[in-house]
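Welcome to this short tour. Open your viewer, and we will go from one selection to the next.

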Amino acid sequence: MLEQRIQQHFIDSADLKYQAAQTLSHPIAAAVQAVLACVTSGGKVLACGNGPSAAEAQQFAAFCVAGFERERPELAALALTSDNTLLTAAAGSHDATQQFARQVRALGQAGDVLLALTVHGNAPNLLAATEAAHERDMTVVVLAGRTGGKLAAMLRETDVLISVPHDRAARVREVHTLVLHCLSDGVDAQLLGEQEIPL
């Protein structure tokens, strides 16, 4: 019984990825172009999310700075979820919903990209960060589930919404990981040219 349950997780995850491939390829390609335009003009990516999405933000920043699967020059990226002192300072003396927005206002410049990762798209701190990014004339890329929630409604024409068509958080996060891999690989392919990745 337990093994069948485990196998069903694999099947459900694979089915969703297969179904989402065609739907998500266009917005992922648009996100690749946004990140590429940013980093090749001297800009940076600021990534943020809550809970497990915070870890995904850190992972993407690591892919940019330390590399993905190929050797290349470092790309400027920072996870806004990494500074515990700064994050907890907001909780102690300021409005905690501004924890990412303050960093965006302090670090963000026109031409930079804000990457916001979320399952539901309704977190007040991500909404505030998006508003701050727009104030700075940054492009916003939202990686979300289902409809993208309130975040999707805030986006401008120049922003990108990558919305995984599923309600279950675990499935959405599994696809988010794949999307981040596609995004990293796409940037590398555009910078370094297409090539087979060695096994």
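## First stop: Ser163

Select Ser163: with a relative accessible area of 15%, this residue is buried (under 20% relative accessible area; exposed is over 50% and partly exposed lies in between, with a 1.4 Å probe and protein chains only). Before going on, note that this is a predicted model, where local features need pLDDT of at least 70, side-chain atom pairs count only at pLDDT 80 or more, and totals for chains, interfaces and linings use all residues. Residues are numbered from 1 along each chain as its sequence is written, and side-chain values use heavy atoms, leaving out hydrogens and water.

Ser163 sits in strand 5, residues 160–164 (helices, H or I of at least four residues, and strands, E of at least two, are DSSP runs numbered from the N terminus). Now show what surrounds this serine. Leaving aside residues up to four places away in sequence, Ser163 touches Leu24, Ala144, Gly145, Arg146, Thr147 and Gly148 (contact means heavy atoms within 4.5 Å). Look closely at Gly145: its backbone oxygen lies 3.4 Å from a polar atom of the Ser163 side chain.

## Second stop: helix 2

Next, select residues 52–66, which form helix 2.

Which residues of helix 2 are buried? Colour Ser53, Ala54, Glu56, Ala57, Phe60, Ala61, Phe63 and Cys64 to see them. The buried residues of this helix pack against strand 1 (45–49), strand 2 (77–79), strand 3 (113–117) and helix 7 (169–192).

The structure holds one aromatic pair. Show Phe63 and Phe68: their ring centres are 4.9 Å apart and their planes are at 75°, so the pair is edge-to-face (rings of Phe, Tyr and Trp, the last by its six-membered ring, pair if their centres lie within 6.5 Å; planes under 30 degrees apart count as stacked, over 60 as edge-to-face and the rest as tilted).

## Last stop: the cysteines

How many disulfides does the structure hold? There are zero (a disulfide is a pair of cysteine sulfur atoms within 2.5 Å). Select Cys38, which is in no disulfide: the nearest cysteine sulfur, that of Cys64, is 8.9 Å away. Cys38 counts as buried, at 1% relative accessibility. Cys48 is in no disulfide either, and its nearest cysteine sulfur, that of Cys64, is 14 Å away. Cys48 also counts as buried, at 0% relative accessibility.

Definitions and conventions: Expected span 1.5 Å × (residues − 1). Polar contact = N/O pair within 3.5 Å; in protein donor to acceptor, adjacent residues only side chain to side chain.
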